[in-house]
Amino acid sequence: MSAGVGIEASEAVEDVTPPPEATTEATTGESTTGAPPGDEPPGHESPADEPPADEPPADESPIAAPAANAKGPSVIRRAANRVARATASTTADRCATVAMAALVGYLFWLPVFSLHTGIAVTFTVYGIFAAVGVLRLPGARWRGAGIVAVAALPWLAWALMWPTWSAWAPELRLVRAEALALLSCGMITLSAVVLAQGRRPGVEMHRRIWLLLGAMSVPIGLWEIVTHDHLFPGPWAPPPWSPAATFGNPNNFAGVLVVVYGLTLLRLTERINRVSRLALAALAVATLVVMLATLSRAAVAAALLLTVAATVLELHRRAVLPAPRHGRRALTVAAGGILALLASLTIPAVARVNPLAAFLLPAEEETVAADDLRLALARQGLEMWREQPWIGIGGARFEPLLSERGFERIIPMHNGFLEILTEYGLVVFVPLALWLVALAWHLLPRRNLRTPGLQAGRPRGLDAVGARFAIFVWLTGFAVFGSITSSPVRSPFWYLMAGSATAAVWWLRSRRPSAPKPGRPS
């Protein structure tokens, strides 16, 4: 695993012969892998619930039934119940995946659909999705669900303070659009988290829908590059050769591509068949090509970081590199790599011959002017925030106040974090920051984390180490998307990145601590 996500050293792979305690664990129904039943690594089955040997079947008399036949019906009945539970769980997981895929597809094509559908139809779709999430609540794992409560804090603060902000609205049309956008984002994000149920199949579902989003959007981006035409240009027409898909802006598209690229690389480090590996490799290359065509410097820098992290993870899983024995060593390597990258971009003698510096730090007059405009907008937002630091200036008020101040160009702030701080104040920004810190906390190397360390060998699916890498990908995408898009506050994809990371953290926290190996200290 990459030092960038801080994964600790792994212990040796468990012996094939179970320890003497395995019989006791089988009677309690707990898995020796440290994960609840149903969340074992792919290919591992949880042990059956064995009753005491002297207990007869419930429907037979201990006198009438022979001892040799008393065990048969009980074994068959337990096997049938286990198959029925597994089938029901698999069917429910597939239905949840279909619901998520349908929602993401609707969100992706919404800019086209909105020309023919109204708000009532859109919120009907969101309401159905939220209802599906509520129906999944009874099967959720409540162990480790505190992260879900933390994720709900920013939305709760926004809902409680919205009447106050609405009274300040310069136009009812603006505040109504802002309220509906944030309401839909909250419904989608929290429902998607609950839909995962704090289980591994739920995290796999989140990864699949992001790969599906890449499979839908990347071919459109390639088509736009070749034809110099745009499927949906949106209110601001991008350059003919810069793809935007249905996101309306190349920067918005680039922020989504960061997540697609990172999760594709993660899937390539796992055990998959040759056809799937070729298809995913083609998707990764195509995603990188489209990302370069968007000319988003932050997205390209993030893609470089994810490439390095995925390469290190792949080398560890191939046993080419040993797993780091201490988390501090991993953090040291990560810090050294970041400093080396910054040095190659800032030291004049090195930056002059660095092609990456020429792309990330161009000297074109138009690019410099755009960067200066972003800084000017940020300064204006901070000045407005100082006037109302606790509750902000109110939703949808930044651009009208910008016009009153005589600013030359009336455009969004182009920074979602500063926009939330300026318009909604610390009352919403602090809960949002706590949510993000709680997610990032699970990337740090800690000995008491409920996940195993890095092990050699490709897993068949998403394991705990892969889940931490996915959290790193989603948080990287959240940071990039929130920093480069014109107004990410109204984008459901922005919050869905944090929601997917929340689902992964919930699963990691719901796992039971791994059982100590024989002869090793616990």
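Are Tyr106 and Tyr126 buried or exposed? I looked both up in this predicted model. Both Tyr106 and Tyr126 are buried.

**Entry: aromatic pairs**

I searched the whole structure for aromatic pairs and found 14. I started with Tyr106 and Tyr126. Their ring centres are 6.5 Å apart and their planes stand at 85°, so I logged this pair as edge-to-face. Planes over 60 degrees apart count that way. Next I checked where the two residues sit. Tyr106 belongs to helix H2 (residues 67-113) and Tyr126 to helix H3. They are 20 residues apart, and the pair links distant parts of the chain.

I then turned to Phe417 and Phe478. This aromatic pair is edge-to-face too, with 5.8 Å from centre to centre and 70° between the planes. Phe417 lies in helix H15 (residues 416-440), and Phe478 lies in helix H16 (residues 464-484).

Phe108, Trp109, Phe247, Phe253 and Phe493 form it.

**Entry: Arg136**

Where is Arg136 found? I placed Arg136 in the loop between helix H3 (119-135) and helix H4 (146-167). I looked up its accessibility next. Arg136 counts as buried because its relative accessibility is 10%, and the cut-off is under 20%.

What does the side chain of Arg136 make a polar contact with? I found the side chain of Asp93, at 3.2 Å. Leaving out residues up to four places away in sequence, I listed what Arg136 touches: Ala92, Asp93, Ala96, Val194, Leu195, Gln197 and Arg199.

Note on methods. Residues are numbered from 1 along each chain as its sequence is written. This is a predicted model: local features need pLDDT of at least 70, side-chain atom pairs count only at pLDDT 80 or more; totals for chains, interfaces and linings use all residues. Side-chain values use heavy atoms; hydrogens and water are left out. Helices (H or I, at least four residues) and strands (E, at least two) are DSSP runs, numbered from the N terminus. Buried means under 20% relative accessible area, exposed over 50%, partly exposed in between (1.4 Å probe, protein chains only). A polar contact is a pair of N or O atoms within 3.5 Å; within protein, one must be able to donate a hydrogen and the other to accept it, and residues adjacent in sequence count only if both atoms are side-chain atoms. Contact means heavy atoms within 4.5 Å. Rings of Phe, Tyr and Trp (its six-membered ring) pair if their centres lie within 6.5 Å; planes under 30 degrees apart count as stacked, over 60 as edge-to-face and the rest as tilted.
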